[in-house]
Amino acid sequence: MRGGQVVVVVGLNVPIKTPSIIFLLLLLLATGNGGGHAASASGDFTGDYLKLSGIIIPGFASTQLRAWSILDCPYSPLDFNPLDLVWLDTTKLLSTVNCWLKCMSLDPYNQTDHPECKSRPDSGLSAITELDPGYITGPLSSVWKEWVKWCIEFGIEANAIIAVPYDWRLSPSKLEERDLYFHKLKLTFETALKLRGGPSVVFAHSLGNNVFRYFLEWLKLEIAPKQYIQWLDDHIHAYFAVGAPLLGAIETVKATLSGLTFGLPISEGTARLMFNSFGSSLWMMPFSKYCRTDNAYWKHFSIGSKKGHLAYHCDEHEFQTNFSGWPTNIVNIEIPSVRGDDAYPSFVDIAQANSSGMECGFPTQLSFSAREISEGTFFKAIEDYDPDSQRLLYQMQKSYHGDPVLNPLTPWERPPLKNIFCIYGIDMKTEVGYYFAPSGKPYPDNWIITDVIYEIEGSLYSRSGNLVEGNPGAASGDETVPYHSLSWCKNWLGPKVNITRAPQSEHDGSDVQVELHVEHHHEADILPNMTRSPREKYITYYEDSESIPGKRTAVWELDKANHRNIVRSPVLMRELWLEMWHDIHPDKKSNFVTKGKRGPLRDEDCYWDYGKARCAWPEHCEYRYVFGDVHLGQSCRLRNSSADLLLHYV
């Protein structure tokens, strides 16, 4: 799972392309009457468009790691030298997997490097664009490359895009302890303000949202309480949370027990060994929305409380509802009643024990909810059968429940930021529960998944296709994070919400549906009474009709948007660009950009309409052949007057 700074609406160079020149002219017109920056009553930035910056916070496994030591790999001509790629170099992974694992793995208790090899995160935009650059591997490992290309095409200046990579293997407290990451992130915001004269736009994806949440809590302890909100207002204009696992992700459980290869050519057992050595392996564990800890902020002002343990408590709803509010129990596992000599007994050991005639020798199936996983009950139950459980329990208590800044395994209330946009994909087949059983193999392959429960567009199904009872949501998740976790940010919306559903593709507004002033109750999902065409993908926008004064919140649901690929979605990039363009325009007529129409913004958005034998969108696109074009659609380009289209979004 992955995550960044919004590369939207920032400074402009003077590109060669005519549309970009017209963009520049419009910007000069839009900002010609203002110097400096100011905030309107609604919390909008109304100053110079050129002063905005952006911060990209990538997600899990979305930052390159480079070797910071010399490791001689026996029986292989490929060694690891300082600055060599570790994550990700598929050539060395295939040829020297044991050496590669030494450079990737950490000590599961103290999070130190392997004695023979250490790795550190790369820096700059190159660290997050392609994980494994190359003619073949580059496109397969591309993360933010398309995003950066959009920025360049619209003339955004290089110093306006700031990537803040981090070592995604570490727990949040270790990020600060070893790398001073949150100190550096604070300095990044302050430097951007000083360099460009305006606040930043934060774009975080996947685990990057958890990192940003921890930063906001850490910041409370670094800044005087009366200056905290002012610092946020001065340095952060908007926060775009994309694919945020706000209540955790079920796939984390699978990675912990049986391994998740992420498509790499390694075994699941090897992937499990590596993943469970990371302190971050628990950061995205699913947890209950009904369970919280004491306020960590006030703990620091209590006499003698710094060494105390924050209490983890749940309200009555946790015990009155099924499955901790999730669609189903997350883990169902067979626990044998007898124990072999190994870390996990083989079937031969169990069979011999059962042959004595004891009926109690048969395995017992236990089920565990999100609360029982996040508080450690599940790992305690399998502690005698799995050697990783003790290490995971240690990390859970030390780095999460015992964290002095924040217990990340608790629900996130709306951050005190002016503008928040929560964006995620829906209606993908997403895993929400697992059945585990002993495999008969030694650790780390001692568990096998016997069945998987999926949520699919509002229903629950097993891997064999049978309908499963439970509490399915109104939609399904984004193939990685369940809908229950993604949609938690709907609780950040105000008491009344405007809902708009529009096609993802360019449209003339004929298929746009709107519901105004829909009442919203806390912790209740918002279900629009709208229709869908089976052949069309939609975006459903939930936007504050009434909100906290000076604050705005919006939630965007993108049909069939995959968790890992959403940051490469041209639809998402178009919507972000238009929203930020509208946001800073001094003549805007509404709180959010209009959804009534979507036309092409780039040459790539123009295409050939074979049915009408012309370029589609003739009012905005025209046929203009350029030497090297190989098909008709490539010769369809924006008209010079297409910049007028932006005026429709003010």
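How many of the 14 residues of α9 are buried? In this predicted model, 13 of them are, so α9 is largely enclosed by the rest of the structure. Buried means under 20% relative accessible area, exposed means over 50%, and partly exposed lies in between (1.4 Å probe, protein chains only). The model is predicted, so local features need pLDDT of at least 70 and side-chain atom pairs count only at pLDDT 80 or more, while totals for chains, interfaces and linings use all residues. Residues are numbered from 1 along each chain as its sequence is written, and side-chain values use heavy atoms, with hydrogens and water left out.

The protein chain contains 20 helices and 23 strands. These are DSSP runs numbered from the N terminus: helices are H or I with at least four residues, strands E with at least two. Of the 650 residues, 58% are buried. The chain exposes about 26,400 Å², and carbon and sulfur atoms supply 54% of that area. Accessible areas come from the Shrake-Rupley method with a 1.4 Å probe; for residues, only the protein chains shown count as cover.

Helix α9 covers residues 207-220. At 1.5 Å a residue it should span 20 Å, and its end C-alpha atoms are 21 Å apart, which agrees. The expected span is 1.5 Å times one less than the number of residues. Helix α20 (residues 570-584) should span 21 Å, and its ends are 21 Å apart. In α20, 14 of the 15 residues are buried.

Aromatic pairs number 32. Rings of Phe, Tyr and Trp (its six-membered ring) pair if their centres lie within 6.5 Å; planes under 30 degrees apart count as stacked, over 60 as edge-to-face and the rest as tilted. Trp144 and Trp147 have ring centres 6.1 Å apart and planes at 90 degrees, so the pair is edge-to-face. Both Trp144 and Trp147 are buried. Phe421 and Phe592 also pair edge-to-face, at 6.2 Å centre to centre and 85 degrees between the planes. This pair links distant parts of the chain, 171 residues apart: Phe421 is in strand β12, Phe592 in the loop between α20 and β20. Phe421 and Phe592 are both buried. Ring pairs also build a cluster, with Phe212, Tyr214, Phe215 and Trp218 among its members.

The structure holds 33 salt bridges. A salt bridge places a side-chain nitrogen of Lys or Arg within 4 Å of a carboxyl oxygen of Asp or Glu. Lys490 meets Asp525 at 2.9 Å, N to O. The two lie 35 residues apart, Asp525 in the loop between β17 and β18 and Lys490 in the loop between α19 and β16. Lys490 is buried at 2% relative accessibility, whereas Asp525 is partly exposed at 35%. The charged end of Lys490 also sits over the ring of Tyr542, 4.2 Å from its centre. That contact requires NZ of Lys or CZ of Arg within 6 Å of the ring centre and within 35 degrees of the ring normal.

Lys92 likewise has two partners. It bridges to Asp84 at 2.8 Å and lies over the face of Phe80, 4.6 Å from the ring centre. Lys92 is buried, with a relative accessible area of 9%. Elsewhere, Asp167, Arg169, Arg178 and Asp179 are linked in a network of salt bridges.

At the surface, Phe627 is exposed, with a relative accessible area of 79%. Its place is in the loop between β22 and β23.
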